[in-house]
Each structure stands twice: as C-alpha cells, then as structure tokens.
Amino acid sequence: MTPLFIGGLGMREVLLIALVVLLFFGSKKIPELMKGLGKGVRSFKEGMHAMEKIEDEPVKKE
C-alpha cells in the first residue's frame, strides 16, 4: 500500500531522497528543520480553525 502523497515512489527512492537530505543539511540541522515544519503546520491548522470559527458566527446587521 502506497500513501497518496508519495505517488509512485518506491522504498529505494525514498531512501535516496532521505540520504540526499541528510548529506545536504547534516544530521544536526534536520531536527531544527522538522521543528520549524511542525510549527508551520500547527500555525496553518490554527488559522484554518479560526477561519471555520468566523464562518460559523452569524452576521450582525447594523
């Protein structure tokens, strides 16, 4: 079973991409990158939740 976001990539391709990322950024920089990515995703989800909350509120006429 292949996840949708990976598409037609096999295990070899995923490992090759991971190796290239490791070589490019180094092992000490990767946790910082993942932390920044996690913060970005969390911020996006909070923004989406706020937009849903705004849409659910009734419109007040002046």
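**View 1. One aromatic pair is counted in this predicted model.** Rings of Phe, Tyr and Trp (its six-membered ring) pair if their centres lie within 6.5 Å; planes under 30 degrees apart are stacked, over 60 edge-to-face, and the rest tilted. Phe 24 and Phe 25 make an edge-to-face pair, with 4.8 Å from centre to centre and 85° between the planes. Phe 24 counts as exposed, at 64% relative accessibility. Phe 25 counts as partly exposed, at 36%. Buried means under 20% relative accessible area, exposed over 50%, and partly exposed in between (1.4 Å probe, protein chains only).

This is a predicted model, where local features need pLDDT of at least 70, side-chain atom pairs count only at pLDDT 80 or more, and totals for chains, interfaces and linings use all residues. Residues are numbered from 1 along each chain as its sequence is written, and side-chain values use heavy atoms, with hydrogens and water left out.

**View 2. The protein chain has two helices and zero strands.** Helices (H or I, at least four residues) and strands (E, at least two) are DSSP runs, numbered from the N terminus. Of the 62 residues of the chain, 0% count as buried. The chain exposes about 6400 Å². Carbon and sulfur atoms supply 67% of that area. Accessible areas come from the Shrake-Rupley method with a 1.4 Å probe; for residues, only the protein chains shown count as cover.

**View 3. A nonpolar surface patch covers about 1100 Å².** Its members include Leu 9, Phe 24, Phe 25, Leu 37 and Val 41. Helix H1 (11-25) and H2 each give two or more residues to the patch. H1 supplies the largest share, seven residues. Val 41 lies in helix H2. At 40% relative accessibility, Val 41 is partly exposed. Patches are made of residues with over 30% relative accessible area and no salt bridge; like charges are joined within 9 Å, nonpolar side chains (Val, Leu, Ile, Met, Phe, Trp, Tyr) within 5 Å.

**View 4. The structure holds one salt bridge.** The term means a side-chain nitrogen of Lys or Arg within 4 Å of a carboxyl oxygen of Asp or Glu. Here the side chains of Lys 29 and Glu 32 meet, at 3.4 Å from N to O. Lys 29 is partly exposed, at 39% relative accessibility.

**View 5. Glu 52, Glu 55, Asp 56 and Glu 57 form a surface patch of negative charge.** Asp and Glu count as negative, Lys and Arg as positive; His and the chain ends are not counted. Each charge is placed at NZ of Lys, CZ of Arg, CG of Asp or CD of Glu. Glu 55 belongs to helix H2 (residues 30-56). Glu 55 counts as exposed, at 63% relative accessibility.
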